[in-house]
Structure formats: structure tokens, C-alpha cells
Amino acid sequence: MFPDGLSHRSPQERVRYAEILVYIAAADGELVREEIATIEAMMGRAMLHPESRITVRAGFEQPIPLEQSLADLDPVLAQIILRDAALVAAVDGDYDRKELTALRKIAKVAGASNSQLSALLDWVKEGWLWFEKAGVFLGQ
Amino acid sequence: MLPDTVHKLPREERFAYARLLAYMARIDNELTVDEMAMFEQRLGTALLSPGQRDAIRAALKSPPSLEECLEELSGEAGRLALRDAVMMAAADGTVDEDERDALEDISEHLGLREDAVEQLLDWTVKGYKWMKEGYELLDTLEE
């Protein structure tokens, strides 16, 4: 939701970040509009170059295999990806089995244990509850 | 990022939403990296066409007046724009007087309750706290 230094990563790292998020969004089947909007938001926040965004969008049809994207990934970047992948996976309202499998693979690269991954998913849920509250005082 | 409804708005309303955010981004004549990242994030959420994106980025260079922005804005698009304008105003850590005045004007234009901006600012602070907890969770992974 908020900027977090991702823009200081190299252009190649930011593309890899976005490609993994596309993989997560597509893990449970065809991408829906909510998932595309989320990926576009993440690419915007990471301030990806417009041409890089076109490259990433090509993955909407056929995402890059996760193992390929995770190869030689900086563990600290993997941690940021894990956090944002958990947010992307939750967009359609639930964690699909394939999404969870992919999250566990990213967690392994990030050095996160199962309990840490579980804590991250709880954090995502808290974020959902926070975000929904805005609608209450906006009368939605 | 989180479940949102901006992408469900009609195309013209998404454009009006983004135009208001462009106005907010330039209100203090400064555009920090944090504000730009937030602006680009919201632009992404709006799923604008390439032509609309170009027009919005042009609006960043030469911002429209608040009155022009508000002419096009009402209903749900307006409320979502106010919500995200509050987040953008707070993105650099402070909400200055010009920003606060603009937020109150938007709220008044939309006919929202008097404390709407205050409520949204409190809500944004809670959001920052939530995000900080996310960073702290990541920090624990490094131990």
C-alpha cells in the first residue's frame, strides 16, 4: 500500500519482482480484473519503466515459471516479494492450494519458516480489515 | 494491492479520480519519490488506457485547478478519490495546510460528514502502522 524502498532496487530486480507477482496471480487460473489491477498497482508502486511493464504484461498470458524467477534471487528481495505475493494471492478472497505452494517456495528463498509465513498471512488479513474500514465513514 | 473498487468505476470516472490525485500530488509544488510511487500505484489500480495515462502524467506537469477536478467528480469515484488523496497527502509523512484545505474542499463538494477528512487521516495512520508491522515481520526473517 505504501512506498517501501522497492524503487531503489535495480530495474532488473523490479521486473523479477513483478514477474513473480504475475505468477502468483495466475496460479489459480486465468487472471481476473482485480488481479490485473493489483499487479498494475504493484508495478506502479515499484515505478517500473513503461517498457518493462509491457514485458511483464506479456506474462499475463503465459507467466514465467516460478523456479526460473527464484533462481539466484537475493533473499532480502525475496522477503519483499513474499510479503507482496501474499497480498496478491489474497486479492480474490482466498488462498488457493497452488498459491500456497508458490508462497512456500518463495518463503524458502526468503528464509521464512512456516510460522513466519503464517504470521504474514495473518498480517494480510489485518490489512484487509483496515482497508475495508474506509468504506464505513465514506458511506459505501 | 488490497481489495479495491476503483477498477470497477466507469472509464471516465477513473480518469477523473486519477486527475484529482495528480492535482494532490502537485499541490505543494514538490513531488517526492514516496508521493510519486503512491501516485503511480493508484494510477495502476485505476487501469487507465495508455492515452489516459499520458493525459494524467501531463496533468502532473501542468496540474488542473481543484475546481476543474471536482466538476467531473461525484459519488463513489469522488469518495475513493478523497480516500486516496488523503493517503497521498500523508505519503511524505506530513499533511500541510494547503493539502488539508484541499481535502476539506473535496469532502465538502462530495457532501460528506464534517469529520470525514479527520476520520480518513486517522484511518491512514492506522494503515501506516499496519504497513510498519509488515516491515517488522520481514525484519524477523533476517534474524
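Is A:Met47 buried or exposed, and how many C-beta neighbours lie inside 10 Å? A:Met47 counts as buried, because 20 C-beta neighbours lie inside 10 Å. A residue is called buried if 20 or more other C-beta atoms lie within 10 Å of its own, exposed if 12 or fewer, and partly exposed in between, with C-beta atoms placed from the backbone. The model is predicted: local features need pLDDT of at least 70 and side-chain atom pairs count only at pLDDT 80 or more, while totals for chains, interfaces and linings use all residues. Residues are numbered from 1 along each chain as its sequence is written, and chains are lettered from A and ligands numbered from 1 in the order in which they are written.

**Figure 1. Chain A, overall.** Chain A has seven helices and zero strands, in the pattern α-α-α-α-α-α-α along the sequence. Helices (H or I, at least four residues) and strands (E, at least two) are DSSP runs, numbered from the N terminus. The C-alpha trace of chain A spans about 45 × 35 × 30 Å along its principal axes. Of the 140 residues of chain A, 44% count as buried.

**Figure 2. Chain B, overall.** Chain B also comes to seven helices and zero strands. The C-alpha trace of chain B spans about 50 × 35 × 30 Å along its principal axes. A compact globule with 143 residues would have a radius of gyration near 15 Å, and the 15 Å of chain B agrees. Buried residues are 44% of the 143 residues in chain B. Among contacts in chain B between residues at least 6 apart in sequence, 80% join residues at least 24 apart. Two residues are in contact if their C-beta atoms, placed from the backbone, lie within 7 Å.

Figure 3. A:Met47 is in the loop between helix H2 (33-45) and helix H3 (50-58) of chain A. Phi of A:Met47 is near 50 degrees, a positive value in a residue other than glycine. Most residues other than glycine have a negative phi. In chain B, B:Leu47 lies in the loop between H2 and helix H3 (50-61). B:Leu47 is not a glycine, yet has a positive phi of about 50 degrees. With 19 C-beta neighbours inside 10 Å, B:Leu47 counts as partly exposed.

**Figure 4. Helices H1 and H2 of chain B.** Helix H1 (residues 11-25) of chain B and H2(B) pack at an angle of about 180 degrees, with their axes 10 Å apart. H1(B) is therefore roughly antiparallel to H2(B). Axes are lines fitted to C-alpha atoms, for helices over the stretch in contact, and angles run from 0 to 180 degrees between N-to-C directions. Angles under 35 degrees count as roughly parallel, over 145 as roughly antiparallel, 65 to 115 as roughly perpendicular and the rest as oblique. H1(B) contributes B:Ala18, B:Leu21 and B:Ala25 to the contact, and H2(B) contributes B:Glu35, B:Phe39, B:Arg42 and B:Leu43.

**Figure 5. The contact of chain A with chain B.** This contact takes 36 residues from chain B and 38 residues from chain A. Helix H2 (33-45), helix H5 (75-90) and helix H7 (116-141) of chain B each supply at least two residues of the side of chain B that touches chain A. H7(B) gives the most to that side, with 16 residues.

**Figure 6. B:Thr45 and its surroundings.** B:Thr45 is in helix H2 of chain B. B:Thr45 is buried, with 26 other C-beta atoms within 10 Å. Leaving out residues up to four places away in sequence, B:Thr45 touches A:Ala37, A:Glu40, A:Ala41, B:Asp4, B:Val6 and B:His7. B:Thr45 and B:Arg14 are 31 residues apart in sequence and 9.4 Å apart in space, C-alpha to C-alpha.

**Figure 7. A:Gln68 in helix H4.** A:Gln68 is found in helix H4 (residues 66-70) of chain A. A:Gln68 is exposed, with 11 other C-beta atoms within 10 Å. From A:Gln68 to A:Ala134 the C-alpha to C-alpha distance is 39 Å, and the two are 66 residues apart in sequence.

Methods. The radius of gyration is taken over C-alpha atoms; the globule rule is 2.2 Å times the number of residues to the power 0.38.
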